Amino acid sequence: MAIRKSNKLSQTAVLKQILKRCSSLGKKQGYDEEGLPLDVPKGHFAVYVGQNRTRYIVPISFLTRPEFQILLQRAEEEFGFDHDMGLTIPCEEDVFESLTSMLR
């Protein structure tokens with residue numbers, strides 16, 4: 001059995017990476033001069049959920065919730081955070097909606 005070396009970052013560093021990644025997806029139509037999406041209010045970020053990659057806007061405060069952090073860990077394991085597709089959560093939409101409604 002091989003021992004896997006851990007490259008764990010601090011929780012704060014991971015959250016900062018996620019926020020930076022979510023807000024630097026490029027300067028496409030619908031983005032301001034800083035690369036931030038125009039339809040995402042301050043204090044929120046976009047995630048993509050489910051097979052259809054449905055876009056949800058969630059408050060940044062969710063990042064500190066243990067329930068949401070579990071989803072982030074699954075996203076990192078399945079997709080990693082270094083890709084151009086936005087933060088994708090590997091979860092069924094109805095489960096995600098149920099979870100986020102409890103966190104609000």
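Author: Exposed means over 50% relative accessible area, buried means under 20%, and partly exposed is in between, with a 1.4 Å probe and protein chains only. Helices (H or I, at least four residues) and strands (E, at least two) are DSSP runs, numbered from the N terminus.

Before going further, a word on what you're looking at. This is a predicted model, in which local features need pLDDT of at least 70 and side-chain atom pairs count only at pLDDT 80 or more, while totals for chains, interfaces and linings use all residues. Residues are numbered from 1 along each chain as its sequence is written, and side-chain values use heavy atoms, with hydrogens and water left out.

Now turn the helix over. Phe96, Leu99, Thr100 and Leu103 are the buried residues of α3. Looking down the helix axis, you'd find them within an arc of 95°, so they line one face of α3; the arc is that of the directions from the helix axis to the C-beta atoms.

Thr100 deserves a stop. The residue sits in α3, which spans residues 93–103, and Thr100 counts as buried because its relative accessibility is 7%. Beyond its neighbours within four places in sequence, Thr100 is in contact (heavy atoms within 4.5 Å) with Val58 and Phe62.

What does the buried side of α3 pack against? Its buried residues pack against β1, β2, α2 and β3 (88–89). Take α2 to begin with: Glu67, Phe68 and Leu71 of α2 meet Phe96, Leu99 and Leu103 of α3. Sorted by type, the residues of this contact come out as five nonpolar, no polar and one charged. Here Ala, Val, Leu, Ile, Met, Phe, Trp, Tyr, Cys and Pro count as nonpolar, Asp, Glu, Lys and Arg as charged, and the others, Gly among them, as polar. The angle between α2 and α3 is about 145°, and their axes lie 10 Å apart. Axes are lines fitted to C-alpha atoms, for helices over the stretch in contact, and angles run from 0 to 180 degrees between N-to-C directions.

Then there's the sheet. The three strands make an open sheet in the order β2-β1-β3, with mixed pairing; two strands pair if DSSP finds at least two bridges between them. β2 and β3 are at the edges with a single partner strand each, so one side of each has no neighbour in the sheet. α3 packs on this sheet, touching β1, β2 and β3, and its direction makes about 15° with that of β2.

How do the strands pair up? β1 and β2 are antiparallel and share six bridges; among the partners across them, Ala46 goes with Ile57 and Tyr48 with Arg55. β1 and β3 run parallel, joined by two bridges, and Tyr48 stands opposite Thr88 in β3. In β1, five of the six residues are buried, so the strand is largely enclosed by the rest of the structure.

The hairpin of β1 and β2 has four residues between the strands, and Gly50 in the turn has a positive phi of about 80°. Arg53, in the loop between β1 (44–49) and β2 (54–59), also shows a positive phi, near 50°, although Arg53 isn't a glycine. Arg53 counts as partly exposed because its relative accessibility is 30%.

Finally, the core. The largest nonpolar core has 18 residues, and Val47, Val58, Phe68, Leu87, Ile89 and Phe96 have the most contacts inside it. β1, β2, α2 (66–79) and α3 each supply at least two residues of this core, and α2 gives the most, with four. Such a core is a set of buried Ala, Val, Leu, Ile, Met, Phe, Trp, Tyr and Cys residues joined through side-chain atoms within 4.5 Å.
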